[in-house]
Amino acid sequence: MGMMPNPDVALDEKAIVVEAEKALADIAAIRAEVAKVIFGQEKVVENTLLAILSGGHALLVGVPGLAKTKLVTTLGTVLGLDANRIQFTPDLMPSDILGTEVMDQDDTGRRSFRFVKGPVFAQLLMADEINRASPRTQSALLQSMQEYHVTIAGQPYQLPAPFHVLATQNPLEQEGTYPLPEAQLDRFLLQVDVLYPELAAERQILLETTGVRDNRANAVISSERLAEIQKLIRQMPVSDTVVDAILSLVRSARPGHGNAATDKNVAWGPGPRAGQALMLCARARALYEGRLAPSIDDVHALAEPVLEHRMALTFAARAEGMTVRDVIAGLVSNLRS
């Protein structure tokens, strides 16, 4: 006698397909709405959205004036998220981000402390030029990113859900900055490199943004709907071949794991968080592109944004003019062959 199919499992798979098709329509609408305001930069928009859809944080690295701030405010509107922005400066204190206790006095003269929440209490927080703040202030934000709560005077306060940080960093101005330590960079699901726009996109920017009319984005989904899509992404099946591709890529990026080029050029490589990021973002990318399961191509496409900030080159490799991107491109081409 053959085994009977489990009706619950079949129903679950059907339910996931139905939910995924709804999510595909929502994501298509989100992309269309963002494109009204952000011209070109498709890869930047995609990777930033993938970080949010995967439930994580992203670090946007690029020179000033490339619409990083505009992208974050647009995403806040389109995704129905309550958004705040902090401009990081060297004199910014942890309490400027987290909030502080103030003393109140009532009519009877009785005094009590009241907690006034800081800007970190938002669903989407833009941390502008994060490397300009002192390590003490950076660590206050990065603890919030990891633990999703803040502790003031021994009292924990839960952050809103969902909670996402999109931090920006200028790669040119390093004078008077405090570069993020490696362990703190690892907290970011993706590093999104924001490059100069293509010619056609820059022409459109000139024509569309210097007139009387200013394009504005509208809300497409609510924060509750975003949470549902994030949950769906975690339920999407991942084939063994994709899991093996993720493990091969991450492990080949570590010195001492049998890859001669890595042993020569890489000082330290990515930890298990890189694999977790690839598992989540590959599912999100499949959905973003209208597919119901991730493929090895998703892993290859996400290798750079996932690994770039989780690796460091040896002094000899840097002296030869090599970049982390070159190493990652080599690892991906090895996996393809």
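Reader: What makes residues 1-11 a part to read with care?

Author: Their pLDDT stays under 50. The model also gives residues 1-11 zero contacts beyond four places in sequence. Where pLDDT is low, predicted coordinates should not be read in detail.

Reader: What is the mean pLDDT of the chain?

Author: The mean is 86. Of the residues in the chain, 94% reach 70 or more.

Reader: Why is T137 called buried?

Author: Buried means under 20% relative accessible area. T137 has a relative accessible area of 0%, so it is buried.

Reader: Where is T137, and which residues does it touch?

Author: T137 sits in helix α5, residues 135-147. It touches F88, L92, M93, P94 and I97, leaving aside residues up to four places away in sequence.

Reader: Why is Y148 called partly exposed?

Author: The class runs between the 20% limit for buried and the 50% limit for exposed. Y148 has a relative accessible area of 31%, so it is partly exposed. Y148 lies in the loop between α5 and β6 (149-152).

Reader: What makes the bond between A161 and P162 worth a look?

Author: This peptide bond is cis, with omega about -10°. Most peptide bonds are trans. P162 belongs to the loop between β7 (155-158) and β8 (164-169).

Reader: Why is α2 called largely enclosed?

Author: Ten of its twelve residues are buried, so the rest of the structure largely encloses α2. Among the buried residues are V44, V45, E46, N47 and T48. L49, L50, A51, I52 and L53 are buried as well.

Reader: What follows α2?

Author: G55 follows α2, and its phi is positive, near 85°.

Reader: What makes one space a cavity and another a pocket?

Author: In a cavity, a 1.4 Å probe fits but cannot get out, whereas a pocket is an open set. The structure holds one cavity of 30 Å³ or more. The largest cavity has a volume of about 40 Å³. The largest pocket holds about 660 Å³ of space.

Reader: Which residues line the largest cavity?

Author: The lining is K36, V37, F39, K70, E208, T209, D214 and N215. By class, four are charged, two polar and two nonpolar.

Reader: How many residues line the largest pocket, and which lie nearest its centre?

Author: The pocket is lined by 22 residues. Nearest its centre lie L185, Q191, E308, H309 and V324.

Reader: Which classes make up the lining of the largest pocket?

Author: Twelve residues are nonpolar, five are polar and five are charged.

Reader: Which elements each supply at least two residues of the lining of the largest pocket?

Author: Two of them are helices, α6 (182-185) and α14 (324-336). The strands are β1 (58-61), β9 (190-193) and β11 (312-313).

Technical notes. Residues are numbered from 1 along each chain as its sequence is written. This is a predicted model: local features need pLDDT of at least 70, side-chain atom pairs count only at pLDDT 80 or more; totals for chains, interfaces and linings use all residues. Side-chain values use heavy atoms; hydrogens and water are left out. On a 1 Å grid over the protein atoms alone, a cavity is a set of points where a 1.4 Å probe fits but cannot get out, and a pocket is an open set with protein on both sides within 12 Å along at least five of seven lines; lining residues have an atom within 4 Å of a point. Grid points are joined across faces, edges and corners, and a volume is the space filled by probe spheres set on the points. Helices (H or I, at least four residues) and strands (E, at least two) are DSSP runs, numbered from the N terminus. Ala, Val, Leu, Ile, Met, Phe, Trp, Tyr, Cys and Pro count as nonpolar, Asp, Glu, Lys and Arg as charged, and the others, Gly among them, as polar. Buried means under 20% relative accessible area, exposed over 50%, partly exposed in between (1.4 Å probe, protein chains only). pLDDT is the predictor's confidence in each residue, from 0 to 100. Contact means heavy atoms within 4.5 Å.
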